[in-house]
Amino acid sequence: MENTLFGDIFKVIQIDPDGKKFDKVSRIEAQSEQLDMYMQLDVNTEIYPMHAGEKFAMSLASTLDLDGTPDTGYYTQVKCCGMVVCLARTKRITAAVRVAGRKSLADKFEYVMHGKLYKISEEGSGPNVKGVIYVSFGGLLMMLSGDPANTAKLDLDQRLFLLIRKV
């Protein structure tokens, strides 16, 4: 995928492995198909339900611009049906976003979050070393671990967009 720093197809292994903590948010555990990466991700399941066994495409990108223009950090707020549009995409919301601006990488996905990579670490040693990254999306957290080469394009304090669509 263009302009992405990481991407793979994941399968949801488990939902809320430590029990349900919040009404509208679930923590999913997922395993990637091609790169053998493991992920824990907090998802607002009220607006984007996920279930064990489902497969989804997940990408991390530093910008949503299709031409790769760096993200400026400034956003045009879009209102649809009296609500500010931020995460989930439906046909009504997609129409409102297209009226407000040009097409973006987000148009190819169903669930988008913006956050900051706040920790990079390594677990294990020798040939069994695993790179681990931690990203916060306004309090919803992601932990992604696996071969350090798969996350080599990611830097500490980097702003990232997480993009998901079910496959």
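Over the ring of which residue does the charged end of K166 sit? In this predicted model, the charged end of K166 sits over the ring of Y48, at 4.7 Å from the ring centre. The legends below start from this site.

**Figure 1**
The charged end of K166 lies over the Y48 ring, 4.7 Å from its centre. K166 also forms a salt bridge with E54, where the closest N and O atoms are 3.6 Å apart. E54 is partly exposed because its relative accessible area is 22%, in the range between the 20% and 50% cut-offs. K166 is likewise partly exposed, with a relative accessible area of 29%.

**Figure 1. Y48 and Y111 form a stacked aromatic pair.**
The model contains four aromatic pairs. In the pair formed by Y48 and Y111, the ring centres are 5.1 Å apart and the planes make an angle of 25°, which is classed as stacked. The pair links distant parts of the chain, with Y48 in the loop between strand 3 and strand 4 and Y111 in strand 7, 63 residues apart. Y48 has a relative accessible area of 6% and is therefore buried. Y111 also counts as buried, at 0% relative accessibility.

**Figure 2. F6, F10 and F56 form a cluster of rings.**
Ring pairs join F6, F10 and F56 into a cluster. One of the four aromatic pairs is that of F6 with F10, which is tilted, with 6.4 Å from centre to centre and 50° between the planes. F6 and F10 are both buried. F56 is also among the residues with the most contacts inside the largest nonpolar core.

**Figure 4**
At least two core residues come from each of strand 1 (4-15), strand 2 (25-32), strand 3 (38-44), strand 4 (55-61), strand 7 (111-123), strand 8 (130-137), strand 9 (140-146) and strand 10 (159-166). Strand 1 gives the most, with four residues. In soluble globular proteins, nonpolar side chains tend to be buried together.

**Figure 6**
Strand 2 is mostly covered, as six of its eight residues are buried. Strand 1 and strand 2 are antiparallel and pair over five bridges; Q14 has E29 in strand 2 as a bridge partner. Strand 2 and strand 3 also run antiparallel and are joined by seven bridges, with V43 in strand 3 as the bridge partner of S26. A hairpin is formed by strand 2 and strand 3, with five residues between them. In its turn, D36 has a positive phi of about 55°.

The model has six salt bridges. In one of them R27 meets D42, with the closest N and O atoms 2.6 Å apart. R27 is in strand 2 and D42 in strand 3, 15 residues apart, and the pair links distant parts of the chain. R27 is partly exposed, with a relative accessible area of 29%, whereas D42 is buried, with a relative accessible area of 8%. In another salt bridge, the side chains of E33 and K55 meet at 2.7 Å, N to O. Here E33 lies in the loop between strand 2 and strand 3 and K55 in strand 4, 22 residues apart. E33 is partly exposed at a relative accessible area of 43%, and K55 also counts as partly exposed, at 36% relative accessibility.

Definitions and conventions. Residues are numbered from 1 along each chain as its sequence is written. This is a predicted model: local features need pLDDT of at least 70, side-chain atom pairs count only at pLDDT 80 or more; totals for chains, interfaces and linings use all residues. Side-chain values use heavy atoms; hydrogens and water are left out. A nonpolar core is a set of buried Ala, Val, Leu, Ile, Met, Phe, Trp, Tyr and Cys residues joined through side-chain atoms within 4.5 Å. Buried means under 20% relative accessible area, exposed over 50%, partly exposed in between (1.4 Å probe, protein chains only). A salt bridge is a side-chain nitrogen of Lys or Arg within 4 Å of a carboxyl oxygen of Asp or Glu. Two strands pair if DSSP finds at least two bridges between them. Rings of Phe, Tyr and Trp (its six-membered ring) pair if their centres lie within 6.5 Å; planes under 30 degrees apart count as stacked, over 60 as edge-to-face and the rest as tilted. A charge sits over a ring if NZ of Lys or CZ of Arg is within 6 Å of the ring centre and within 35 degrees of the ring normal.
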